[in-house]
Amino acid sequence: MNVLDWTDDGDGIAYQTCGNCNTTWYFRRSFCAQCGAYPPATRQASGLGTVHARTLVARAPTGEWSAHAPYLIVLVDADEGFRLMAHGILDLQIGDRVSARFIQLAGRKIPYFEKA
């Protein structure tokens with residue numbers, strides 16, 4: 001199976017799992033940080049999850065991002081068991097079920113969550 005990931009300009013979210021201890025994580029690495037086993041399996045996420053936390057950014061860190069303010073940053077607990085930070089529609093609340101799509105924002109492709 002070909003795994004798509006937005007960091008490689010694909011329309012998907014990749015995550016990894018350890019075959020030894022069953023730990024799941026988001027940031028790619030060559031070994032399991034929990035038990036040290038390698039290599040981990042890279043899998044395709046469904047793009048579905050639940051909002052764990054949210055923050056509205058009204059004062060952007062750079063001029064490039066000022067044009068997009070205010071914008072929402074969310075922590076999403078993915079159905080596969082990992083947590084990731086991404087952008088989302090402004091009305092998302094903690095506990096909302098969400099799904100990811102991919103947009104261009106400030107010249108970058110990013111995951112963007114909306115209500116599922």
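Student: Leaving aside its neighbours within four places in sequence, which residues is glutamine 16 in contact with?

Tutor: Good place to start, and keep in mind that this is a predicted model. Glutamine 16 is in contact with Thr23, Thr24, Trp25, Phe27, Arg28, Arg29, Pro40, Ala41 and Thr42, once those sequence neighbours are left aside.

Student: Is glutamine 16 buried or exposed?

Tutor: Glutamine 16 has a relative accessible area of 5%. Buried means under 20%, so glutamine 16 counts as buried.

Student: What does the side chain of glutamine 16 make polar contacts with?

Tutor: One partner is the side chain of tryptophan 25, at 2.9 Å. Another is the backbone of arginine 29, whose nitrogen lies 2.8 Å from a polar atom of the glutamine 16 side chain.

Student: And which strand is glutamine 16 in?

Tutor: Glutamine 16 is in strand E1, which covers residues 14-17. Strand E1 runs antiparallel to E2, and 2 bridges join them.

Student: Which residues line the largest pocket?

Tutor: Among them are Trp6, Tyr26, Phe27, Trp65, Met85, His87, Arg108 and Lys109. By type, the lining divides into 9 nonpolar, 1 polar and 2 charged residues.

Student: Let's look at lysine 109. Where does it lie, and is it buried or exposed?

Tutor: Lysine 109 lies in strand E8. Its relative accessible area is 19%, and because the cut-off for buried is under 20%, lysine 109 is classed as buried.

Student: What does the side chain of lysine 109 reach?

Tutor: It reaches the backbone oxygen of aspartate 9 at 3.1 Å. There is also a polar contact of 2.7 Å between the side chains of lysine 109 and aspartate 11.

Student: Which residues does lysine 109 touch, not counting those up to four places away in sequence?

Tutor: Lysine 109 touches Trp6, Asp9, Gly10, Asp11, Phe102, Ile103 and Gln104. One of these, Trp6, also lines the largest pocket.

Methods. Residues numbered from 1 in each chain as written. Predicted model: local features only at pLDDT ≥ 70, side-chain atom pairs only at ≥ 80, totals over all residues. Heavy atoms only, no water. Pairing = 2+ DSSP bridges. Helix = DSSP H or I, 4+ residues; strand = E, 2+ residues; numbered from the N terminus. 1 Å grid on protein atoms, 1.4 Å probe; cavity = no way out; pocket = protein on both sides within 12 Å on 5 of 7 lines; lining within 4 Å. Nonpolar A, V, L, I, M, F, W, Y, C, P; charged D, E, K, R; others polar. Buried < 20%, exposed > 50% of the residue type's maximum accessible area, 1.4 Å probe, protein only. Polar contact = N/O pair within 3.5 Å; in protein donor to acceptor, adjacent residues only side chain to side chain. Contact = heavy atoms within 4.5 Å.
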